[in-house]
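I opened the file to go through a few features in order. My notes follow.

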Amino acid sequence: MSAFMEFKDVDVHYGPIQALKKVSLTINEGEIVTLIGANGAGKSTLLMSIFGQPRISSGEIIYRGEDISQKSAHYVASNGLAQSPEGRRIFPKMSVEENLLMGTIPIGMDHADEDMQHMFTLFPRLKERRNQRASTMSGGEQQMLAIARALMSRPKLLLLDEPSLGLAPIIVKQIFQILKDVASTGMTIFLVEQNANHALKLANRGYVMVNGEIRMSGTGQELLVNPEVREAYLGGH
Amino acid sequence: MSQAIGIDLKKSSVDALIAGLLALILFGPIVGVLLDGYGFKTEFDRVAWIVAIVAFGRFMLSCFLQTEKGIALVHRFARSDDGAIVLPPGHKSKMVWVIPLVIVIGLLVPFIASKYVLTVVILGLIYVLLGLGLNIVVGLAGLLDLGFVGFYAIGAYGLALGYENLGLGFWSMLPIAAIMAAVAGAILGFPVLRMHGDYLAIVTLGFGEIIRLVLINWSSFTHGPNGVSAPLPTFFGLEFKRRSSDGQTFHEFFNLPYDSGYKYMFIYLILFLVVLAVLFIKHRLVKMPIGRAWEALREDEIACRSLGLNHVLVKLSAFTIGASTGGLAGVFFATYQGFVNPSSFTFFESALILAIVVLGGMGSTLGVVIAAFCLTVLPEILREFAEYRVLMFGILMVVMMVWKPRGIVRVTRTGFASRKGASK
């Protein structure tokens with residue numbers, strides 16, 4: 001398998017503060033890769049730097065053989081990358097259907113109907129609420145909507161930023177079950193999570209980020225049993 | 001009787017006492033102390049009257065709000081339902097028959113109404129255009145623009161100066177002025193793309209002032225505060241003057257007695273058709289992907305960008321389309337007044353247009369039309385109270401924000417559904 005996306009020695013600065021230090025990371029085609037770490041470790045910074053928000057100060061981000069680190073956000077987003085952003089960021093005053101249609105911006109409306117039906121089989125709750133305003137839904141449903149919206153652009157690589165944020169454990173379980181289903185279709189997924197337990201169980205490979213540096217990497221299973229990871233992120237049990 | 005419904009007189013008395021005390025603090029120094037040469041004299045009886053009226057009023061209000069009707073009223077205030085009502089896709093309004101009726105009435109107005117009424121209605125329609133333009137920028141795209149009057153000025157001065165320097169008449173300047181204003185919108189739009197909210201408001205406020213100051217100070221070109229005269233529209237080359245230096249005038253050609261009202265009728269009819277066209281275009285734009293992109297950008301810019309929306313294009317399109325509508329309004333304003341000078345394009349004008357959009361309901365077309373007429377026609381009706389115009393404005397604003405914070409007409413839009421082949 002070839003490297004689908006590769007970070008090479010990426011540095012990111014917020015003014016005088018260095019948020020990412022020489023981060024290198026590889027995502028292969030068809031893989032689920034997860035990046036775990038504590039609050040403020042730089043996980044979301046890494047994800048957003050793919051879209052040039054913030055721009056990286058040195059290094060390269062190679063996506064399918066092309067350095068995209070200096071490209072504009074909409075260029076990146078229209079080339080097979082879709083993300084479900086941190087905090088969901090659905091459009092609160094639009095209906096569920098309209099939110100899903102906003103996801104088709106990069107590819108146009110040609111497959112909109114077909115894809116929407118597909119989303120409704122993947123997320124039956126969204127079908128029940130298709131004409132409802134998105135802000136009136138529960139947090140879990142909104143997260144499902146954010147993921148479905150990202151999938152509407154038929155991405156080659158799905159980027160997820162903390163899909164478990166602020167959700168009840170039972171909903172988190174549901175969300176991860178759905179991610180498993182999505183992954184089984186061969187989708188490449190890059191998952192940034194604080195919920196290390198769920199993330200590592202789902203992922204093929206994982207990276208652990210501490211203070212802007214990649215501290216450890218390995219297969220999901222390896223990291224899950226690693227005593228250091230268990231101590232720091234899995235509550236020591 | 002009052003006890004039966006359960007009015008708490010003690011609570012009302014406390015309310016009244018507090019209100020009275022506040023009135024005393026507020027009005028005591030302002031009303032009670034009167035300057036008299038270098039000294040002052042005190043007039044405590046006036047203060048006492050005011051305080052008594054305020055306290056009594058508060059007491060009555062407090063009692064009323066505890067009755068059933070009052071409670072119902074408070075509930076209406078407190079309703080915090082938010083945002084647009086989304087109708088199911090494919091919804092057809094039952095009110096469609098109103099549109100032809102309005103068009104027919106609109107076309108009949110100049111033949112029925114007096115000249116005075118006609119001029120007021122023309123002014124109302126100009127503000128409708130301005131409101132519709134700003135509605136795209138503020139109401140739909142969510143970019144707070146306090147300098148909208150700048151585009152209005154560009155349109156108006158475009159007509160006046162284009163006529164003076166290039167000999168271009170109303171009909172050639174109408175599209176050119178719209179394009180000029182659109183270009184100005186794009187020029188303003190570029191540097192402010194990264195700004196939001198307050199910062200954007202300050203920059204646009206500055207833009208409006210820059211335009212006005214340039215008009216005042218570049219006197220060799222714009223004639224400064226003296227202003228420039230603007231031409232009237234022509235009817236297939238026929239002028240609306242009493243006598244024309246070149247060729248026939250309108251009344252001579254049709255063998256009519258001269259009447260200065262004809263030009264207003266004609267301006268009105270063109271303006272009415274332009275407003276209809278703008279309304280139609282705007283109605284279509286909202287349903288097109290660009291309209292939804294504006295609304296999405298207003299709701300969450302970061303989400304839009306992560307979905308691959310080119311925010312530069314979307315913002316600039318809102319700025320340019322809004323600005324060109326403002327430019328059109330400027331051309332009509334100039335030709336209707338026959339004269340433009342910089343004092344017509346002060347910040348107050350921008351605030352008025354913004355008030356139209358906010359009162360009408362952000363993003364609501366019908367609301368903007370109603371509000372534009374209210375805010376231009378009301379001052380004409382209430383000419384006797386001209387001194388209190390701004391005060392009444394303020395009161396109207398406060399009442400509206402309490403009573404109907406979403407504006408006169410709440411935005412109701414038809415949900416969007418994909419149509420097969422729509423993107424082809």
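I looked up the separation of the two domains of chain B: the centres of domain 1 and domain 2 of chain B, taken over C-alpha atoms, lie 42 Å apart. I noted the bounds as well: the domain assignment of chain B puts domain 1 at 2-78 and domain 2 at 91-412.

This is a predicted model, and I checked confidence for chain A next. Its mean pLDDT is 89, with 98% of the residues of chain A at 70 or more. By element, I found the highest mean pLDDT in chain A, 94, at strand β8 (residues 188-193). The lowest, 84, belongs to helix α10 (residues 227-233) of chain A.

I then turned to strand β9 (residues 205-210) of chain A. Is β9(A) mostly covered or mostly open? I recorded it as mostly covered, since five of its six residues are buried.

Strand β3 (residues 32-37) of chain A runs parallel to β9(A), and five bridges join them. For Gly37(A), I found Met209(A) as the bridge partner in β9(A).

With strand β10 (residues 213-219) of chain A, β9(A) pairs in the antiparallel sense, over six bridges. I located Tyr207(A) opposite Ser217(A) of β10(A).

Last, I looked at the turn. β9(A) and β10(A) form a hairpin with two residues between the strands. In this hairpin, I noted a positive phi near 50 degrees at Asn211(A).

Technical notes:
Residues are numbered from 1 along each chain as its sequence is written. Chains are lettered from A and ligands numbered from 1 in the order in which they are written. This is a predicted model: local features need pLDDT of at least 70, side-chain atom pairs count only at pLDDT 80 or more; totals for chains, interfaces and linings use all residues. Domain bounds come from an automatic or database domain assignment. pLDDT is the predictor's confidence in each residue, from 0 to 100. Helices (H or I, at least four residues) and strands (E, at least two) are DSSP runs, numbered from the N terminus. A residue is buried if 20 or more other C-beta atoms lie within 10 Å of its own, exposed if 12 or fewer, and partly exposed in between; C-beta atoms are placed from the backbone. Two strands pair if DSSP finds at least two bridges between them.
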